[in-house]
Amino acid sequence: MSKPMEKKEVLQAIVIADSYNENLQPFTGTAPLALLPIVNVPLVDYTLETLCRNGVEEVIIFCSNHIGEVKQYIQKRQAERCSWSVGMSVTIISSTSCRCLGEALRDLDARHIIRGNVILMGIDSITNANLTGLLEEHKRLLKVDTGAVMTIMLKEGVPGMRTGNEVMIAMEPSTRRLLYHQRLAPLQPKGSFELPLELFLINRDVTVCHGLLDPQIAVCSHMALPLFADNFDFLSRDDFVRGVLINEEILNSRIYVSKLAREEYAMRVNNWQSYQMVSLDVINRWVYPLVPDMGISQFLQYYKCYRNNIYRHGDVRLARSSELAGDLAIDRHSSIDENTYLYQSTVGQNCTIGKGCRINNSFLFEGATIGDGCILDHCIIGRSVAVGSNCQIRDGAVLGEGVAIPSGMTIVKTLVQAVPPDSEWAGASKKLADRAYTVPEEQCEDEYNSDDDDEVKLLNQPVFLTELQRAYSPSIYQPSDDESESGEASPIQEDENIFLSEVVESLKRGFGEQTNAEYLILEINSSRYAYNMALSEVNFYVVKAILQILLLQEGVELNTVGTLRKILAYFGVVFKNYIRDKDAMLDCLKAFEEMSQSHDIIRQKIAQLIHYLYENDLMREEIIIEWYDGLEDESLQKALCKLVEWLNDSSDEEEDEDDSE
């Protein structure tokens, strides 16, 4: 008699697409939180990419605002076959009547679509943590304690930093069972904190942790959603945690804590200050592999990475006298004019920045236009915003979509929207210009305020974007960059050498054993991710490794081109896999250029070697000419001048033949 087959548990995740507050106004007034760009990539892509990398099979996105836009974006990305759409289903469930997390989870419980343990997180949570490990940890707890209703993820915070994500907890050190939980308000004054005496009388061992970051990520057992359904006063996850802690025995439910390791990252974008922090964390590579040059939710490299964490798309117009100081991401079709300075900022697609601007800790969304002589300091410039010449936007100012600021205006610590408030119940709003109105503050009647309302108000106070009190230390995933001529030597230089030596060893072994060359590509890619190499660096070092092997062959001095032909007969698959487009071909030629500096054979035969690549369709004529025009080594130019003249002549002859036809 055959054994019945065990049904495999489908790994599910619930993603709440709304924050149910106004901390990110005016953006969330005109667009969904899911599409808030972090380093020019919408939040939803970070969330879904993380879940996909952790093996989640079904994602349920619960959406209450701007539902149509979220659905349209998800469908568009699925049609484009982005990385997270492969092997993972995404379902959007919407309800315009939901006004809090509790109502959303009660709605989901009524639909009976959650079949077991489930990951619960917000769309505004960004992490590279091992969520599968968190789930397995929760399953182990369930075997010991069947009342383990939730395991929450926490991380050590930054000393002295308050963003509204920080909590103080008490737990049992041996089991990590949560005993006490208190959220720290972002503007709450520092000082002493009170803990109930019973906490220490009832529990033998208590560990108190202060200032932990709560990214609002948890694993819930099948009992969690019914508890939300049975308790209508559970409006937020904090309410749920507080309710379970007070009524542990009655509910027969317990909550446990999982603390992340140092190399794991988790943070919630719950206001504009945390938006700035997360953006800079992504740029500084603390969220690896969710970093700009790795192509988040894409199968291709989108940015090229330069020293000092400068990420630039290939299609950017950059004036010669402009200065990119560091910690920057500049998206395609954007232009930066003369004498403009940028530092710790992001520039979206199709942005135009005029002459003589100074931009510091500012974030420009798609289509923004900045006039000449502007100063942007710690501000957000929304989509399609137009800022006139000689303006100052600073100290946490946020300009919403479509705002137009006239020349010479100064906006300080103000939220600005393009249209006047559409509700008579909205607070006072001031007109700044034809398409610029201050965002009204939320009105509330003092006589109806309760203590709970005061607590919610304290936690949801607007937190403006201000100067960060911490300096960014290099991430353990910091990339190297051979293209910059300035700055200190990076310790990752050692990783470059290790990567190159591993590629050389792989290619030498494959060439000696004549194994399938396609296996070498897998080895190189594995080394690439192990040492966090950008695609441009991989191209460069692969060609450099091939040239090093070329120099080891017998008779290379007498017949250099013939030896290259023999080498590429085997390595051709590897070469063509990496050297495919314009940027890759330039990387290849830079490798020839560097090798020629230290090896006379390459230097003497460089024209013949590059001619061989051209004749065999491995290198394009216009790329060779572009590289030649940028050479600073006069002797190398002299060695290549006849080849370039021949290429130009053959190009002219082809044009003449085309004209005669």
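How many aromatic pairs does a search of the whole structure find? The search finds 14. Rings of Phe, Tyr and Trp (its six-membered ring) pair if their centres lie within 6.5 Å. This is a predicted model: local features need pLDDT of at least 70, side-chain atom pairs count only at pLDDT 80 or more, and totals for chains, interfaces and linings use all residues. Residues are numbered from 1 along each chain as its sequence is written, and side-chain values use heavy atoms, with hydrogens and water left out.

**Overall make-up**

- The protein chain comes to 19 helices and 34 strands. Helices (H or I, at least four residues) and strands (E, at least two) are DSSP runs, numbered from the N terminus.
- Of its 661 residues, 55% count as buried. Buried means under 20% relative accessible area, exposed over 50%, partly exposed in between (1.4 Å probe, protein chains only).
- Take the contacts in the protein chain with a separation of 6 or more: residues 24 or more positions apart account for 58% of them. Contact means heavy atoms within 4.5 Å.

**Aromatic rings and a charge**

- The ring centres of tyrosine 302 and tyrosine 303 are 5.0 Å apart and the planes stand at 80°, so this pair is edge-to-face. Planes under 30 degrees apart count as stacked, over 60 as edge-to-face and the rest as tilted.
- Tyrosine 302 and tyrosine 303 are both buried.
- Phenylalanine 540 and tyrosine 541 also pair edge-to-face, at 5.1 Å centre to centre and 85° between the planes.
- Phenylalanine 540 has a relative accessible area of 6% and is therefore buried. Tyrosine 541 is buried too, at 5%.
- Phe27, Trp272, Tyr275, Phe363 and Phe365 are linked by ring pairs into a cluster.
- Arginine 358 places its charged end over the ring of tyrosine 341, 4.3 Å from the ring centre. The criterion: NZ of Lys or CZ of Arg is within 6 Å of the ring centre and within 35 degrees of the ring normal.

**Helix H8**

- Helix H8 spans residues 237-246, and eight of its 10 residues are buried, so H8 is largely enclosed by the rest of the structure.
- The buried residues of H8 include Arg237, Asp238 and Asp239. Phe240, Val241, Gly243, Val244 and Leu245 are buried as well.

**Helices H15 and H17**

- The axes of H15 and helix H17 (residues 600-615) come within 11 Å and cross at roughly 55°. Axes are lines fitted to C-alpha atoms, for helices over the stretch in contact, and angles run from 0 to 180 degrees between N-to-C directions.
- H15 and H17 are therefore oblique to each other. Angles under 35 degrees count as roughly parallel, over 145 as roughly antiparallel, 65 to 115 as roughly perpendicular and the rest as oblique.
- The crossing of H15 and H17 is right-handed. A crossing is left-handed if the near helix is turned anticlockwise from the far one by less than a right angle, and right-handed if clockwise.
- Among the contact residues are Leu564, Leu568 and Phe575 of H15 and Ile601, Leu609 and Tyr612 of H17.
- Threonine 563 lies in H15 (residues 560-578). Its relative accessible area is 9%, so threonine 563 is buried.
- Beyond its neighbours within four places in sequence, threonine 563 is in contact with Leu550, Gln553, Gly555 and Val556.

**Helices H16 and H18**

- Helix H16 (residues 582-598) packs against helix H18 (residues 621-629) at an angle of about 50°, with the axes 10 Å apart. H16 is therefore oblique to H18.
- Met585, Leu586 and Leu589 are among the H16 residues in the contact, and Ile623, Ile624 and Trp627 are among those of H18.
- H16 passes H18 in a right-handed crossing.
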